[in-house]
Structures are given as structure tokens and as C-alpha cells.
Amino acid sequence: MANIIVIANQKGGVGKTTTSINLAAALGQLGKKTLLVDLDSQGNASSACGLSHDQATPTIYDLLLGEVDASQCIKRAAEDGFDIIPSNRDLMAAEIQLLELEERELILKKALDGITSRYDFIVIDSPPSMNILTLNALSFAESLIIPVQCEYYALEGMTGMLESIYQIKDSVNPKLDLLGVVRTMYDSRNSLAVEVSAQLKKYFHDKLFWTFIPRNVRLAEAPSHGMSALKYDPNCSGSKAYLSLAKEVAKKTMES
Ligand SMILES: Nc1ncnc2c1ncn2[C@@H]1O[C@H](COP(=O)(O)OP(=O)(O)OP(=O)(O)O)[C@@H](O)[C@H]1O
Ligand SMILES: [Mg+2]
């Protein structure tokens, strides 16, 4: 059975999508059968995987509304060794349409339950808010990874998010656990980043991934080439860090 990992943080621009794509690519390189699910109406993960607008249909929107089944939505990331269920702006409408359905937080789980046995890992990229889509991802996943940028406001909002997660664990999804917090866009020459990193260590202990993702321009360039950084420049510091993160993820999920 696949280990289902959601990458979430209500804060925007912290590296959720970059982490989703490169973690999926790195797990793929480790020989793990991996599916990336783009659950954000911005569709950033889909375009970053080289799927043009036409190739990217049917989407997760069609799947959530029951118009197609999961197998019909699965595409191969053009340059990388993983599968993807794409998304586009249609998904904005789903945020409202799903609210009208029964057991609305379990729609993603019901839609994907039939294909989880085909994969070792399912990685879900989520939007920068705690909306019905994020709730669906958290109701389906067993592992949560929170990417955090080591900035002044980084810890703000995390307590609220952790509370929501414990509520979800207590009500709909007892399997859900925090797999880890990962520091993104990290610059060790920045003293504030080092200070925030120390606070994260104190608060999260072994739930803070040992690997941190450095600020690396190759990670920002790769999406415009329609591929992960691991494919675009395997030797850059960002790619090496995501490979190391994937090894940590594989080890931690085996232990749990
Ligand atoms: N380690 C990094 N080094 C350099 N640039 C990065 C790094 N990680 C992410 N970026 C860049 O920072 C921006 C935000 O990253 P990303 O899109 O992954 O964040 P996000 O959390 O998914 O954003 P949103 O909340 O809008 O979905 C992007 O332009 C991305 O290319
Ligand atoms: Mg994103």
C-alpha cells in the first residue's frame, strides 16, 4: 500500500510545490513508484512537470466531481520517473461544489482508494490555505510534511495549523501524523534563519528533518523547463538536498 504524504502549510510561497515535485522525483529515483497529486488550483506542480494545458486533462477536478475515474487522470511527468494527477483553474469551482456534497472531506480518499496499491508513495501538493481541498488531503494522508521558511513569521500560524491537524486526527483520520518539518530556502549565512532554525529544532526535536533545502536558483529555474530540478541539474545543491530528504522520508515511513 502506498504511503500517502501531504505537503501542507497555510502560508503561501514557502516551497510546498517545489518540495512536492522534487520529493516525488527523488523518490522515483530511489526506485519507488510515486504518484504526485496536484491539489492546488494554481496548477503549478502540473505545469512544472511539463504538462501543457491540453495534456493536463482530465484533471483532479473531474475526478473529485465523479466525472472520471482515477486511472483516466493519471499522466506521466514528461521528463521524470513519476506519475501525476494534474490540476488547473477549474479546481477553484470545486472548492464550492464540494461543500454541497455528503462526507465532503472524504471525496479525495474515495476517488483514490482504488489506485493506492499501485504506488509506494503518493505525494499531494496542497493550496496555501486550510480549505476543503486541504481538508480532503489531510483526511486521506497518513503523513504530513510541513515546509517552513526560516523567517520571522515562520512559526506564526503553525500552532493553528497543528491544532487543526490534531482535530482531523481525532475526528476523521486517526492515521494522520506529522512526518516532519522541512526547512526550505535555507541560507546559513543569514543569522535570523539560523536563529529560527534553532527554535524549530527546540520545538519539533526529531520531527525536524535533518536535511534542509538550501536557497538554490536551480530549484526556481527547473519549473520553466517542465521538469524537476533533479532532472534539470542533478548536481546542484537543491537536487542533492531533495534526494537526501527523500532518503529520510523513505526511512521514516518504513519505521512508522
Ligand atoms: N530552495 C529554493 N531556492 C530558491 N528558490 C526557491 C526554493 N524553493 C522554492 N523556491 C521558489 O520560491 C517560490 C515559491 O515556491 P513554491 O511555489 O514551491 O511555494 P508554495 O508554497 O508552493 O507557494 P504557494 O503557496 O503559492 O502554493 C517559487 O518561485 C520557487 O521557484
Ligand atoms: Mg504551491
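I started with helix H1, residues 16-29: its 14 residues reach 20 Å from first C-alpha to last, close to the 20 Å expected at 1.5 Å a residue. The expected span is 1.5 Å times one less than the number of residues. Helices here are DSSP runs (H or I, at least four residues) and strands are runs of E, at least two, numbered from the N terminus.

This is a predicted model, where local features need pLDDT of at least 70, side-chain atom pairs count only at pLDDT 80 or more, and totals for chains, interfaces and linings use all residues. Residues are numbered from 1 along each chain as its sequence is written, while chains are lettered from A and ligands numbered from 1 in the order written.

I checked burial next. In H1, 14 of the 14 residues are buried, so the helix is largely enclosed by the rest of the structure. Buried means 20 or more other C-beta atoms within 10 Å of the residue's own, with C-beta atoms placed from the backbone; exposed means 12 or fewer, partly exposed in between. For the chain, 50% of the 256 residues count as buried.

After H1 I found glycine 31, with a positive phi near 85°.

Then I looked up ligand 1. Around it are 19 residues, and Lys16, Thr17, Thr18, Pro128 and Ala220 come nearest. A residue counts as near if its C-beta atom, placed from the backbone, lies within 6 Å. H1 gives the largest share of the shell, three residues. Helix H10 (217-221), like H1, supplies at least two.

Last, I noted the overall count: twelve helices and seven strands.
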